[in-house]
Amino acid sequence: MQRRQLLLYGAAGAGVLGLTLFVGWWRVDGPGAPEPKGQRPLPLSAMEFRLTDHEENEVGPGNLIGRPTMVFFGFTYCPDVCPTTLSDISGWLEELGDEASEMNVVFITVDPERDTVEAMAEYVGYFHPVIRGWTGPEDQIARAAEGFRASYERVPTEGGDYTMNHTASVFLFDAKGELVTMIDYHEPREFAVPKIRRALTEDVEGAT
Amino acid sequence: MTKRSYINGLPLVLLLSGMSTPAFAGSEDVVVENAWSRASIGVNRPGAAYMTVRNTGEDAVTLTGLATPLAMMPEIHESKTNSDGVSSMAPAGEITIEPGQSVALEPGGLHAMLMKLQEPMTEGENFPLTLTFSDGGKVTVEVPILGIAARGPEG
């Protein structure tokens, strides 16, 4: 009797353990797994957001399909990383020469509170003319970041101001809106420019 | 190459030892090279300046602070990008430079963050920036202001 009870408990215990393991697998590796952070951005055709460019045009991911596209996130009150990214990109575009005009290059702000359409217009005016600045309501910026799997966070600074932590990678899409690759912050020009050329060539392949 | 140390007591010791002439322990051997900065849009956004700080002496030196008439809150900050590609920025604290070593303040890393600008940073102009060291010594450099899209000391 006692032995039978023990077996029963043992079986129940094994069952619970098995179930726990199964639930664990389901949640972590199985079909119930959450989408991993830092995964690939969606294709542009699967994104949905409405923003305003620095010339007050209503824009969204649909406007980018048809030409190869380069997108990055930042904010104009950023003293170091953002102007560096923008001047790096301006340098890559200069090296591409005429090919640069066949691309969409979009800077999306993660700080719409300070980066109004006027602020974006003034800021992007200092960099390569192909670069467009997009801003809009906070919820639309959040949807855009979600589509690109980019993240951002507002961080207070000691002077009562705030700064923004944000994804500094540059996203490259082909003319069909599929992700080609990403350029990490500070990637040397020798690597960045060939990656951009790849996005431009995939456009040619897609067209034929 | 850079590490934090706290030798705040040193200036006091020098003072108490009754030396009449300023005798700095190391900072007189500091050389600042290739200083540059980017122009600002107005005064609301913080500016940034870059340079190489070289310790040519035989004692370690510790950079403790900055001062400039251009900005009320100049501070050394450091940008970092993590493995997820997310960039963040925070005060760098004190920076010790070992003898014969140098510390580079360059885009995407350490930089002199110029908060609360008193006037716009105009391309083509210069501004003085004073680096303060833990031995009480100060080194002042003239920092040229380049364009907003400048990538280095050559523009």
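Here is a friendly conversation about a predicted model with chains A and B.

The model is predicted, so local features need pLDDT of at least 70 and side-chain atom pairs count only at pLDDT 80 or more, while totals for chains, interfaces and linings use all residues. Residues are numbered from 1 along each chain as its sequence is written, chains are lettered from A and ligands numbered from 1 in the order in which they are written, and side-chain values use heavy atoms, with hydrogens and water left out.

Colleague: How many residues of chain B are in contact with chain A?

Modeller: Contact here means heavy atoms within 4.5 Å. On the side of chain A, 31 residues take part. Facing them in chain B are 30 residues.

Colleague: What is the area buried between chain B and chain A?

Modeller: Buried area is the accessible area (1.4 Å probe) that two parts lose on being put together, summed over both. Carbon and sulfur atoms give 55% of the area here. In chain B, I41(B), R45(B) and R151(B) lose the most area to chain A, together 26% of what that side buries. The total between the two chains is about 2300 Å².

Colleague: Which residue of chain A forms a salt bridge with R151(B)?

Modeller: A salt bridge is a side-chain nitrogen of Lys or Arg within 4 Å of a carboxyl oxygen of Asp or Glu. Across the interface of chain B and chain A, that rule finds one. The closest N and O atoms are 3.8 Å apart, and the partner of R151(B) is E94(A).

Colleague: How many residue pairs are in polar contact between chain B and chain A?

Modeller: A polar contact is a pair of N or O atoms within 3.5 Å; within protein, one must be able to donate a hydrogen and the other to accept it, and residues adjacent in sequence count only if both atoms are side-chain atoms. With both residues at pLDDT 80 or more, the count between chain B and chain A is nine.

Colleague: Which residue of β6(B) is the bridge partner of H166(A)?

Modeller: Strands (E, at least two residues) and helices (H or I, at least four) are DSSP runs, numbered from the N terminus, and two strands pair if DSSP finds at least two bridges between them. Strand β7 (residues 162-167) of chain A and β6(B) pair in the antiparallel sense over two bridges. In β6(B), the partner of H166(A) is S87(B).

Colleague: Why is the disulfide of C78(A) and C82(A) called right-handed?

Modeller: A disulfide is a covalent bond between the sulfur atoms of two cysteines; the rule used here takes cysteine sulfur atoms within 2.5 Å. The sulfur atoms of C78(A) and C82(A) are 2.4 Å apart, and the structure holds one disulfide over all chains. The disulfide is right-handed because the torsion about its S-S bond is about 95°.

Colleague: How many residues apart in sequence are the parts that E48(A) and R143(A) tie together?

Modeller: The side chains of E48(A) and R143(A) meet in a salt bridge (3.7 Å, N to O). E48(A) lies in the loop between α1 (2-28) and β1 (51-53) of chain A and R143(A) in helix α4 (residues 138-148) of chain A, so the pair ties together parts whose separation is 95 residues.

Colleague: Which are the edge strands of the open sheet of seven strands in chain A?

Modeller: The sheet has mixed pairing and the order β2-β1-β5-β4-β3-β8-β9. Inside it, β4 (residues 104-109) and β5 (residues 131-135) of chain A pair in the parallel sense over four bridges. Each edge strand pairs on one side only, and these are β2 (58-59) and β9 (179-183) of chain A.
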